Structures are given as C-alpha cells and as structure tokens.
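Thanks for coming, everyone. I'll walk you through one structure today. Please look at the screen.

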Amino acid sequence: MSLSKKVKVGLGETRILILGSEILLGFQFQGAFRPTFERLPFHDRVIWVAALALITLTIALLITPSLQHRVVDDGRDTKRLLGVIGRCAGLALGPFALALGADLYLAVGPVLGLGPGVAAGLIACGLALLFWYGLEALKARNAGQRERTMTSREPEHEHTSLETKIEQMLTEARVVLPGAQALLGFQLVITFSEAFEKVPFASKLVHLIALGLLALTVIWLMAPAAFHRIVYAGEDTPEFHALGSRFLLAASVTLALGISADLGVAVAKVIASDAAGVASALVTLCLLTGLWHVYPILLRRRRDAAA
C-alpha cells in the first residue's frame, strides 16, 4: 500500500472516531442543562466534569493530525504524518474509554443505584480498553511484524499529486464537519431548556457567542466544497487547495474558541463557580490552540530551519 493510501485510510479511521467523540461531547453539554442533573450529588458532578475533560482531550488529539498536515507538511504525505495519525489515534482511545465508562456510570446510577452504575462504568471502560489496546497488543506479538517492518523502511515522503492533496484536504474537512454540526445542534437545543433560563445573563451571552463560533465553523468547513463546485467547476487547482487549507485552519480557530467558551459555561453551572468555569475555559483553549496551532507552527519552523 502506498504512503498516500495509508494516510487516506488513517484519516478515514480518525473520522470514525471523532464523530462519536463529538456526539458524546454534545451529550455532556446538554446533560448539564437537564432538570434531573441538578439533583445529582456533588461527587457525580465532579465525575461529569472529568468525563467532559477526557472527551475534550480525545477530540483535541483526533483533530491534531489534520492540522499538522496543513501547517507542517503543506498537504504532502509523509511518514512523519502517518506516525502522528497513529499516535494521536492511539492516545485518544484511552481518554475516550474512560469518558465512556464515566458517562455510563452517570446514566445507570440514578436508575439502578450506585453499585450497578459503578459496575456498568467499569465493564464498559474495561471492554473498551480490552478491544482497543489489549487484544491488539496480544495479536501484535505473533502477527503484523512483516508489515510493520515494511512501513519502517519506507522513504520519509513520496510525491503527492495535486489530486491526492485536494482529496485529503476535503477528507480532513469531513473529519471535523459532522461532529461540529452535531455539536451545534446540541447547543441550540440547550437554549430552549428550563435550566438555561436560570443561568446568569453573562453565561447566556457566552453561550450565544459560542453558538456563533460553532456556526462559523460549519460555514468554514462547507465552503471548500462550494468553491470547488461553483468556482472551479470540480477541477483540481493549486489555488483551490490553498484556499481549502485556509478555510480548514480558520475552522479550527473558531471550533477551539467555541468549545472552550461553552465548556466554561457548563462547568460554571455544574460546579456553581464562575471561577472554575473561567479556569476550565482557559485551560481548554490553551490545550486546543497548543495542539492545533502553536505546536504545528513550531514544527514547521524547525523543518524550515533544518532545510
């Protein structure tokens, strides 16, 4: 399999993971504004905050390869990028499994009690870790050595055609778009809940700003397809590739701001502390911008200096 094909498959696998992650993030946000959520004990609310942090970390890791592809490699397929895709996907599954277990505990506990809730969370988390890490580690002892050796001996990069660059740029937009649309839908529903009416006006304003940022994210991500069809009549050109890359980078900025802002609103409501909300929003923004923007820029400068 060529390097370009491996990168394409890796991005496709990331797309599978991130859609479920962003839907789970939407569930976290929406759950905080349900009437029954206010009756949860404080320790369950702390678990909810931990699950929110874990699923946010999962999303941050899954989007990282696409932005490194745009910023560091200019859309070229490299073995370095293939390694980044694998490492980020592998690291993202751990917090995803923990968040899944925590959410199942929160869902089962109020219905069946503390014991069954803990059991459901542990079983779900354990099964996820088993099927995502354990079985693969056991299988790798006896299979796949030849394929891993072949990959390690591949050249650092190969020629990437303009057609492939544009195809992968559109794939990377599709990685983020469905989850962003689902998250926007969840956030729109929150504005019609009774619990939202009780939050301070400042929190409502921040939530509306976050809604605008998420809407702008969806607009940025859908724009390349419209330009490709209307302006360039479906033809692949270097100008379209550069334009689509800029739209994708712009969407990552508004997505980071929107997630951070709404996360701060949700945490402030759950913990009943504005300071905790502000702190969580700032930490999230630092995490997302660090992984999506600052680190790729540093890698690009290091690459240019080495060249």
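R80 is partly exposed, with a relative accessible area of 24%. Keep in mind that this is a predicted model. R80 has a salt-bridge partner, D73. The closest N and O atoms of that pair are 2.8 Å apart. Is D73 buried or exposed? D73 is buried, at a relative accessible area of 4%.

How many salt bridges does the structure hold? There are 6. Let me take two more of them.

Next, E167 and K8. These two form a salt bridge, and their closest N and O atoms are 2.5 Å apart. The pair links distant parts of the chain. E167 sits in helix α6, residues 162–190. K8 sits in helix α1, residues 3–31. That puts the two partners 159 residues apart. On accessibility, E167 is partly exposed at 32%. K8 is partly exposed too, at 33%.

Now D304 and R303. Here the closest N and O atoms of the salt bridge are 2.9 Å apart. D304 counts as partly exposed, with 41% relative accessibility. R303 is also partly exposed, at 26%.

On to helix packing. Two packed helices are described by the angle between their axes and the distance between the axes. My example is α2 with α10. Helix α2 covers residues 42–71, and helix α10 covers residues 274–306. Their axes come within 9 Å. They cross at roughly 25°. Angles under 35 degrees count as roughly parallel, and α2 and α10 are therefore roughly parallel to each other. The handedness of their crossing is right-handed.

Which residues meet there? On the α2 side, they include T56, L57, I59, A60, L61 and I63. Also from α2 come T64, L67, Q68 and V71. On the α10 side, look for T284, L287, L288, L291 and W292, among others. Further along α10, Y295, P296, I297, L299 and R300 take part as well. By class, this contact has 15 nonpolar, 4 polar and 1 charged residues.

One residue ties the two topics together.

Methods
Residues are numbered from 1 along each chain as its sequence is written. This is a predicted model: local features need pLDDT of at least 70, side-chain atom pairs count only at pLDDT 80 or more; totals for chains, interfaces and linings use all residues. Side-chain values use heavy atoms; hydrogens and water are left out. Axes are lines fitted to C-alpha atoms, for helices over the stretch in contact, and angles run from 0 to 180 degrees between N-to-C directions. Helices (H or I, at least four residues) and strands (E, at least two) are DSSP runs, numbered from the N terminus. Angles under 35 degrees count as roughly parallel, over 145 as roughly antiparallel, 65 to 115 as roughly perpendicular and the rest as oblique. A crossing is left-handed if the near helix is turned anticlockwise from the far one by less than a right angle, and right-handed if clockwise. Contact means heavy atoms within 4.5 Å. Ala, Val, Leu, Ile, Met, Phe, Trp, Tyr, Cys and Pro count as nonpolar, Asp, Glu, Lys and Arg as charged, and the others, Gly among them, as polar. A salt bridge is a side-chain nitrogen of Lys or Arg within 4 Å of a carboxyl oxygen of Asp or Glu. Buried means under 20% relative accessible area, exposed over 50%, partly exposed in between (1.4 Å probe, protein chains only).
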